[in-house]
Amino acid sequence: METAFAPDTRSISDAPPVHGLIAEGGSYANWGGHRATTPAVYVEPISYADVQSIARDYRRFPTPVSPVGSMLSVTDAIVNDGGTLVCLRKLDAILGIETDAFGRDVVRVQAGCRLKKLNMWLKERGLEIPFQAEIGEATVGSVAVGDTKESSLDAPGYFSAHVVEATYVDETGALRTIFDRVDGAAFHEFKCSFGLMGIVVECCVETRQARLCRSDISLETYETPQQIACGLLEKRGQCDALLAIVFLDKLVGVYDQRYAAGPGSVAPFAQSECEEFRVAKRLAIQRGFDGVATPQPKGILYSRADFVNEYWRPRKDEKRLDFQYYEHDILKLPHVIAESYAFTKAFEAETGFAPGGWATYFVNRPPRAQKPFGLYSDGPGVSFSFDPFCSDPCSPRWQDFSRRYNRLAIDVLGARVSPIQTQWLEKGDVEIPKRLTRPRFTTRYFGAFLE
């Protein structure tokens with residue numbers, strides 16, 4: 001019986017040749033440089049036909065076949081030793097704006113297109129996606145079927161909510177297209193599959209007329225974790241959306257209070273305060289908020305595309321962002337912060353280490369039918385993420401903190417976690433339904449989470 005990660009020597013003789021780059025025996029690392037893999041074959045297809053041939057030819061392209069984009073995941077999601085790694089970065093064309101059969105304005109885009117490129121292309125045409133990505137190198141295909149988050153002004157707060165059509169290559173090499181209004185539950189399950197049901201090659205994503213945003217940045221100090229929890233909820237109540245960076249061990253919060261700028265608002269041609277803040281924020285994220293002071297401007301106006309940043313691939317000796325992800329219902333926020341503070345202070349007393357800080361996003365959950373599995377699948381409501389981060393992914397104390405905090409967050413606080421954003425997970429921490437997977441595409445890492 002074929003398993004999710006057993007080698008398979010079958011070959012389909014009529015599979016056409018692959019014209020994209022093929023390499024054998026190399027090693028590839030994620031953005032942070034702390035996860036690496038040595039696949040039997042690495043491929044960069046240049047056409048959909050290439051992807052189809054890869055899926056069909058079991059001998060030349062051994063199972064599992066796993067797609068990757070910019071390899072940004074902090075977990076072992078990229079690891080496919082002995083299998084086939086399919087990098088879609090050359091399938092990155094933006095194919096145009098169109099109106100779908102249901103009257104929606106959408107952009108048709110290939111899976112390897114980076115979010116920064118897509119956002120800037122749309123901005124030039126006065127359009128936007130209702131999602132402000134933090135990481136501009138993330139590719140459309142990966143976020144269409146993966147986990148994302150942002151504190152959205154007027155949208156759910158995760159990218160796949162805006163994907164209404166996907167074209168993918170299935171395990172037989174067939175090219176298939178699936179639609180939200182036609183395929184219903186099957187379509188929404190596909191978007192929860194982490195690419196384990198098929199290799200996405202093209203998507204249609206909802207667009208709309210671009211709208212300006214306004215932000216006020218502030219810093220507050222507190223005396224207790226309870227005050228931080230109250231501060232977070234108070235700041236969120238004052239604005240349309242809130243992104244917070246909490247330095248939990250120091251009882252300090254940095255807030256980005258976001259507002260819809262309103263009709264008629266015009267961003268200045270040259271807005272030095274906004275650009276200064278954007279560059280400082282980008283550098284802070286790049287370096288894991290270690291040693292980077294950020295300004296606190298008030299009333300800056302910007303488009304969503306302006307703050308979709310790009311980051312350089314760091315050397316292993318450079319400070320660089322590493323993080324964990326945990327989703328909770330907003331009603332649990334005071335308890336989560338109090339318990340996390342107590343855990344962090346105890347760990348710091350024992351080891352001398354505390355995370356660099358905690359990123360806090362707020363996401364609006366949809367009806368369960370639209371998000372049937374994984375993050376944000378508890379039905380209508382508001383979730384918040386409370387994500388510890390560090391500037392050295394290879395630090396033994398950070399890794400120990402993450403492993404031990406998993407047990408508090410998951411077992412005690414009931415957090416939902418992500419196989420692509422939460423490290424050091426154990427069996428049972430995430431359970432991926434087998435119906436969302438195909439053996440041809442399921443690596444050993446993901447196979448450990450099948451239920």
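1. A residue is called buried here if its relative accessible area is under 20%, exposed if over 50%, and partly exposed in between, with a 1.4 Å probe and protein chains only. The buried residues of H1 are Tyr-48, Asp-50, Val-51, Gln-52, Ser-53, Ile-54 and Ala-55.

2. The model is predicted, with local features needing pLDDT of at least 70 and side-chain atom pairs counting only at pLDDT 80 or more, while totals for chains, interfaces and linings use all residues. Residues are numbered from 1 along each chain as its sequence is written, and side-chain values use heavy atoms, without hydrogens and water.

3. Helices (H or I, at least four residues) and strands (E, at least two) are DSSP runs numbered from the N terminus, and two strands pair if DSSP finds at least two bridges between them. An open sheet is formed by 5 strands in the order E7-E8-E12-E10-E11, with antiparallel pairing. Strand E7 (94–99) and strand E11 (175–179) stand at the edges with a single partner strand each, so one side of each has no neighbour in the sheet.

4. Strand E10 (residues 163–169) pairs with strand E12 (residues 199–206) in the antiparallel sense over 6 bridges, and Val-163 stands opposite Val-205 in E12.

5. E10 is also joined to E11 by 5 bridges, the two running antiparallel, with Glu-165 opposite Phe-179 in E11. E10 and E11 form a hairpin with 5 residues between them, and Gly-173 in the turn has a positive phi of about 90°.
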